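This report looks at strand pairing, nonpolar cores and aromatic contacts in turn. Please keep the sequence and the structure at hand while reading.

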Amino acid sequence: MATAFRDFSEYSVGALATVGAADWAVDLTGNWEANIVADGTAEGGQVLQFDATTSGSGNNFVRFTALDTAGDVEVVAKYRFSAQDNNKVTPCLQAADGQAYALYRTATTVRLGRFTTNTISTNLDTAVTFNSSENIYYWVRIQRVGTTIRARIWADGDTEPATWNAGEGTDST
C-alpha cells in the first residue's frame, strides 16, 4: 500500500494551490479556498482549512499527487468540523474516473459515499450512528482494497475502532 505523511508544517501559510503546488492538486468550486493556516492544537502547528469566500455549497477536493488513483491505498487524517462543514468529511480517496470516496454526516450519523464535484453520486452503505461536534478533532481512515471501500472515524484521544464503523461497500471504479 502507498505510504506518505503530511502534517502541513513543511508548507508556508497561504493558499494550498500556491504553497503546496508541488504536492497537491486542488479542485475547488468558485466560492471556496483551501488554505494552510496556523493552528496550535494541530500536528505540526498548521492545518489545511477550507474557507468559503461567499455563501454556497459544493464538494471540494485536494489530492495528494503522490498517491495512486488505482490499486490498494489508505488515507488517514486528523480532521475538524466547522460551521461551514454542514455535511462533508474529508479525507477522501480519488476514484480512477475523478470522483471521490468520502464520508458525509448529519448531526447524528455518518455514511460512506461516492461524490462527483457537487453531488453524492452513490451511497456505498447505510448511514450509521455517529455523533459529531464542531471544533473537535476526529481521525478518519479511508481504505480501498480491491473493490472494497471502507472507513473508520473516531474522536482524537479515543482508541481507533477495531471495526470499519463508518461504512464499507464495494465499487468497481
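## Strand pairing

Over how many bridges do strand β3 and β4 pair, and in which sense? In this predicted model, strand β3, which covers residues 32-38, pairs with β4 over seven bridges in the antiparallel sense, and A38 stands opposite Q46 in β4.

These strands belong to an open sheet of three strands, ordered β1-β3-β4 with antiparallel pairing. Because β1 (14-15) and β4 (46-52) each have a single partner strand, they stand at the edges, and one side of each is left without a neighbour in the sheet.

## Nonpolar cores

The largest nonpolar core holds 20 residues, of which L103 and I153 touch the most other members. At least two residues of this core are supplied by each of β6 (73-80), β8 (100-105), β9 (109-115), β12 (137-145) and β13 (148-155), with the largest share, four residues, coming from β13.

A second, separate core consists of ten residues, among them F8, Y11, A34 and F50.

## Aromatic contacts

The structure holds three aromatic pairs. One of them joins F8 and Y11 in a tilted arrangement, 6.2 Å centre to centre with 40° between the planes; both F8 and Y11 are buried, and together with W24 they form one aromatic cluster. The rings of F130 and Y138 have centres 5.6 Å apart and planes at 70°, so this pair is edge-to-face, and F130 and Y138 are likewise buried.

Charged side chains also lie over rings: K78 over the face of Y137, at 4.9 Å from the ring centre, and R152 over the face of W164, at 4.0 Å from the ring centre.

Methods. Residues numbered from 1 in each chain as written. Predicted model: local features only at pLDDT ≥ 70, side-chain atom pairs only at ≥ 80, totals over all residues. Heavy atoms only, no water. Core = buried A, V, L, I, M, F, W, Y, C linked by side-chain atoms within 4.5 Å. Buried < 20%, exposed > 50% of the residue type's maximum accessible area, 1.4 Å probe, protein only. Pairing = 2+ DSSP bridges. Phe/Tyr/Trp six-rings, centres within 6.5 Å; stacked < 30°, edge-to-face > 60°. Lys NZ or Arg CZ within 6 Å of the ring centre and 35° of its normal.
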